[in-house]
Amino acid sequence: MTTFAGRETAASFIELDEQWSTHNYHPLPVVIAEATGASVTDVEGRTYLDFLSGYSALNFGHRHPDLVAAAVEQLGRVTLTSRAFHHDQLGLFCRELAELTGTELVLPMNSGAEAVESAVKIARKWAHRVKGVPDGTAEIIVAGSNFHGRTTTIVSFSTDETARADFGPFTPGFVTVKYGDAAALRDAITPRTAAVLLEPVQGEAGVIVPPEGYFADVRQACDEHGVLLIADEIQSGLARTGTVLALDHEGVRADMYTLGKALGGGILPVSAVAGRRDVLGVLKPGEHGSTFGGNPLACAVGRAVVRLLSTGEFQQRATELGAHLHSRLNELVGHGLSEVRGRGLWAGIDIAPGGPSGRAASEALMARGVLCKETHERTLRVAPPLVITRAELDRGIDAIAEVIRP
C-alpha cells in the first residue's frame with residue numbers, strides 16, 4: 001500500500017474542499033493522490049480503474065512517459081514568453097498540428113471554452129469582412145443539447161437550464177436547431193448566417209452519434225449558402241473515436257476545428273482552433289490574444305501529443321478496444337441497460353427504468369474500484385484512457401454489469 005505524508009484520510013481532504021473550494025462540482029467521494037496509465041490511487045492507497053479519462057483529456061493515460069519527458073525537458077528551458085516575443089516551439093507546434101489535422105493555420109489557446117469563443121469571434125469577423133454581413137448582425141446556428149463550455153457567451157446558446165439559470169443577460173446571435181435534423185438546420189440559414197457550430201458526437205448530452213449522412217447534408221447546405229462549418233472536436237477528437245478527428249468518420253471536412261483536452265496530454269491546458277488560412281487569417285494583431293496561449297511549455301507538450309498520434313497506434317487502439325467495449329455493452333441491453341451509443345472507445349449507456357440512478361451507479365462502481373461519472377439522471381459516460389488493456393477494460397465492464405443488473 002502506498003503511504004502518504006501525514007497519513008491524511010480521504011474524509012479530511014474532502015472536508016477541506018467543502019470548506020474552502022466553491023461548490024460548482026459534485027465529485028465522487030474519492031481523493032486521488034497518484035496515477036499512472038489507466039489507474040489512479042487514492043490517499044488511503046486504494047487503486048481504481050479510470051473509466052472517465054478527464055472527459056477525454058487523458059486519452060493517453062496518466063503521466064504518459066513521452067509527454068512527461070517533453071514537459072520536463074521544456075521546464076528546464078523556458079515556460080512562458082507571452083506572445084510579445086517569438087519562441088522556438090510555437091511555429092513547430094502549429095505546423096505539426098496543422099499537418100496532423102489537414103488544416104492550414106492554427107490559433108493556440110488554453111481551455112476548450114477559449115477555443116470555442118475564439119472560433120465564434122473568427123466566424124463573426126469573417127462574416128462581416130468576407131461575406132458582407134452587417135456588423136453586429138451575424139448569426140451562428142447551433143444544436144440543441146450542445147455542450148461547448150461554460151463561459152457567458154457559450155451558455156447563452158446552451159439548452160441546459162442548469163448551465164443557464166441566473167447567468168443572464170445572454171449574448172445574442174445564436175439560433176438553435178435539433179441535433180441530427182439537417183432539414184431544420186437548412187431552414188434556419190439566412191443571409192445573416194456566419195457559421196454552423198456542431199459537435200461530431202455530442203458528449204455531455206450522452207455520447208449522441210448523429211444519423212448517417214447528417215454531416216454531409218450540413219456541409220452541402222453550408223457550401224450552398226456561403227456558411228462556415230465549425231466542428232467542436234474538444235472531446236471527440238485526437239483518437240477518442242478511432243480517427244484523428246471524429247468528423248473523419250463522416251468523410252466531411254470542416255472550415256474550423258476546435259481542439260483541446262487531450263491536446264494537453266493530461267498535463268496542462270492546451271487548446272487550439274485549426275482551419276482554413278483564409279478564415280483564421282481575418283484576425284490581425286491586437287484583435288485577439290492570450291498571455292498563456294501558445295506558451296513554450298504548452299507547445300512542447302502539444303508537439304509530443306502530435307507525435308503520439310502520428311503513429312496511428314492510438315487510433316487503432318480506440319477502434320479495436322472500442323469494438324470490444326460496444327460488443328460487451330450491447331449484450332447488457334435488456335439486462336440493466338436500455339440503450340448504448342457511441343463511437344470508438346467512448347460510450348453513453350442509459351440505465352433501464354427500475355435500475356439505479358446515474359449517481360448511485362457511479363458510487364457503486366467506485367466501491368468496486370472503477371471510476372465513472374453520470375451525465376443527466378440515468379446515463380453513464382464510459383471513456384477509459386486509450387492505453388487501457390483489454391483485461392482492464394473487461395474488469396470495468398464486469399463491474400458495470402454487476403451494478404446495473406436488475
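Q: How many residues does helix α14 have, and what span should they give?

A: In this predicted model, helix α14 covers residues 390-404, which is 15 residues.

Q: Which residues of α14 are buried?

A: Here is the general idea to start with. An α-helix has 3.6 residues a turn, so residues three or four places apart point the same way. In α14, the buried residues are L393, D394, G396, I397, A399, I400, A401, V403 and I404.

Q: Now to rings. How many aromatic pairs are there?

A: Two rings pair if their centres lie within 6.5 Å, and the count here comes to 4 aromatic pairs. Take F157 and F174: their ring centres are 4.4 Å apart and their planes meet at 40°, so this pair is tilted.

Q: Which parts of the chain does the pair of F157 and F174 tie together?

A: F157 lies in the loop between α6 (152-156) and α7 (161-164), while F174 belongs to strand β6 (residues 174-177), so the pair joins parts 17 residues apart in sequence.

Q: Are F157 and F174 buried or exposed?

A: Buried means under 20% relative accessible area. F157 has 2% relative accessibility, so it counts as buried; F174, at 16%, counts as buried too.

Q: What kind of pair do Y214 and F215 form?

A: Theirs is edge-to-face, with 5.2 Å from centre to centre and 75° between the planes.

Q: Where does R164 lie relative to F170?

A: R164 sits over the face of F170, 4.1 Å from the ring centre.

Conventions: Residues are numbered from 1 along each chain as its sequence is written. This is a predicted model: local features need pLDDT of at least 70, side-chain atom pairs count only at pLDDT 80 or more; totals for chains, interfaces and linings use all residues. Side-chain values use heavy atoms; hydrogens and water are left out. Rings of Phe, Tyr and Trp (its six-membered ring) pair if their centres lie within 6.5 Å; planes under 30 degrees apart count as stacked, over 60 as edge-to-face and the rest as tilted. Helices (H or I, at least four residues) and strands (E, at least two) are DSSP runs, numbered from the N terminus. Buried means under 20% relative accessible area, exposed over 50%, partly exposed in between (1.4 Å probe, protein chains only). A charge sits over a ring if NZ of Lys or CZ of Arg is within 6 Å of the ring centre and within 35 degrees of the ring normal. The expected span of a helix is 1.5 Å times one less than its number of residues.
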